[in-house]
Amino acid sequence: MLEYSLIHEADDRLKKRVRRTELIHSHYFTEKTGTPVFLKCENLQRTGSFKIRGALNFMTAQPRARLEKGVITASAGNHAQGVAFSADLLGVKAMVFMPESTPPQKVFATRDYGAEVVLTGKNFDEAYAAALLTQKETGALFVHPFDDPLVMAGQGTIGLEILEQLPDLGTILVPIGGGGLIAGIASAIKESHPRVRIIGVESVAAPSMHGSLQRGKITEMPLKVSLADGIAVKRVGKNTFPIIRELVDEVVLVEEEEIAQAIVSLLERSKLLVEGAGAVTLAAILNDKVDALRGKTVCLLSGGNIDVKTISIVVERGLLASGRYLKLKVELDDVPGSLARLSADIAETRANISLITHDRRSKSLPIGKTEVLLELETRGFEHIRETVDYLDKRGYGLEVLK
C-alpha cells in the first residue's frame, strides 16, 4: 500500500514547483446530468498534464549522486514531458523512449524541454521494454511512469488539492492507464474521507485494469487504436493494482465515440481543450456509465496535450456522435438541373451543405447517372431523421454514410 505520509511529503516538495490547478463548477454539465459536476483542470498544469507531479516528486526525492548519469523513461507522451521538464529544471540529462505512433505535438514538446527522444515500438509497452534495456547499459536512473511509490505520491497531491477545494466531495472519476494516478488519488482521499466514491475510467480499446480486476489478477490485455492514447497500456502496475483493488469502488469503460463527443462538449461548453485520456471521465457521466452518482462529483481532466490533426478528427467524430453532422450519398439522373434541385430540397430541410462532391465517372454508376457525396451540418438526431425522410419522399436514392 502507499504510505499516506509520502503524499504529504510530495505536497511539500511540489507546492512551489507545480500549478495548483483550478476546480471549476460546470453549470452546463450539472444541468445535463442532474448532478453537481466539477472539473479538475490538470490540462492546465505545467507541461499540459498531471504527469509532472509524479516525475518531479520522484526526481527531487533522489540523492544528487543518483542523478549524475541522467534519467531515462518510457512514455506515450505526457510522462515524457514531465520527466523532460523536471530534468531540465534540475540540470539533468534525460532520454525518453516513445512509441512510433506518438502524436507529433507530444514529441516536439518533449524535445523542446531538452530531452533526447527515441521513437520505437508500436505501443507504450514496446517502448518501455526498449527503455529498460538502455537503462541497464547506461546506468541512468529509470523514472517509471506509474508503478513507483514516489510517482504515485506525486499524483496523489491532486487528491489533497481537491479535498481543500471541495471538502464535501461525494464522487470523483479518474482516468486509468497503468494506475499510478488513481492509486495516488485514492490513497490521499480515502485516508480522511473513506466514504468518497472513487470511479476509474478506461477506454474499451485499452481495458487493462478493468480486465485485471474482473479476473482477480494482473492480466495483459490486447490494445486497439484509441483517442485516449495516454492511458493505453497492455499491463497495469504490480504496485498500483492492489491499491486500486482495495480503494477504488468501480472501474467503467467508455467507447471511442463517447470520448470524441466529450472532447467536443468540453471545447464548446467549457472552453477547455482536453486530450482523449483526459476526457474519459466526462464521457463516463455523459453516457450513464456510473450508476447513481453521489453528491458533488469531480471529473479529473488529466491532460490537454492533443495535436491539431487529432483535434480535426475528433471534432468530426464528436459532431457525428451528437447528430450535428450528416454524410449522404445520393444517386441522381445526369441531366441539367438535377444538382440544383437537390440543393434546393436540402435548403428546405434547413440543413447546411458544408461539402459536396459530384462524380459522374465512376465505373460502378449506370450510364446516365451521377453520384453526389454530401456533408451536411445538422441540429441533432431528430433533424437528421427529418432531413433523410424529406429527401426520401422527394424520390432520391439515399445512403447514409458513417
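Hi everyone. Before we start, please keep in mind that this is a predicted model, where local features need pLDDT of at least 70, side-chain atom pairs count only at pLDDT 80 or more, and totals for chains, interfaces and linings use all residues. Residues are numbered from 1 along each chain as its sequence is written, and side-chain values use heavy atoms, with hydrogens and water left out.

A word on labels: helices (H or I, at least four residues) and strands (E, at least two) are DSSP runs, numbered from the N terminus. Two strands pair if DSSP finds at least two bridges between them.

Let's begin with the parallel sheet. Four strands form an open sheet in the order E5-E4-E3-E6, with parallel pairing. At its edges sit E5 (116–119) and E6 (141–142), each pairing on one side only. Inside, E3 (residues 71–74) and E4 (residues 94–98) run parallel and are joined by four bridges. To find one of these on your screen, look for threonine 73, whose bridge partner in E4 is valine 96. Helix H6 (residues 124–138) lies across E3, E4 and E6, at about 160 degrees to E3. Angles here run from 0 to 180 degrees between N-to-C directions, and axes are lines fitted to C-alpha atoms, for helices over the stretch in contact.

Now to helix H3. How many of its ten residues are buried? Nine are, so take "buried" as under 20% relative accessible area (1.4 Å probe, protein chains only). Among them are Ile52, Arg53 and Phe58. The cover over these buried residues includes helix H1 (4–14), E3, helix H4 (78–90), E6 and H7.

Is glutamine 45 buried or exposed? Glutamine 45 is buried, because its relative accessible area is 3%. Leaving aside neighbours within four places in sequence, glutamine 45 is in contact (heavy atoms within 4.5 Å) with Val18, Arg19, Thr21, Ile52 and Arg53. A polar atom of the glutamine 45 side chain lies 2.8 Å from the backbone nitrogen of arginine 19.

On to the cores. A nonpolar core is a set of buried Ala, Val, Leu, Ile, Met, Phe, Trp, Tyr and Cys residues joined through side-chain atoms within 4.5 Å. The largest has 58 residues, and those with the most contacts inside it include Val71, Leu169 and Ile185. Helix H7 (residues 149–165) gives this core its largest share, eight residues. Apart from this core lies another, of 32 residues, among them Leu266 and Val314.

Finally, the antiparallel sheet. This open sheet has four strands in the order E12-E13-E11-E14. Its edge strands are E12 (352–359) and E14 (397–401), and the twist averages 20 degrees from one strand to the next. Nine bridges join E11 (residues 325–333) to E13 (residues 369–377). H15 packs on the sheet, touching E11, E13 and E14, and its direction makes about 5 degrees with that of E11.

H15 (residues 381–393) also packs against H14 (residues 338–349), at an angle of about 145 degrees, with the axes 9 Å apart. Where the two meet, Leu342 and Ile346 are among the H14 residues, and Thr387 and Tyr390 among those of H15.

Notes:
Buried < 20%, exposed > 50% of the residue type's maximum accessible area, 1.4 Å probe, protein only. Polar contact = N/O pair within 3.5 Å; in protein donor to acceptor, adjacent residues only side chain to side chain.
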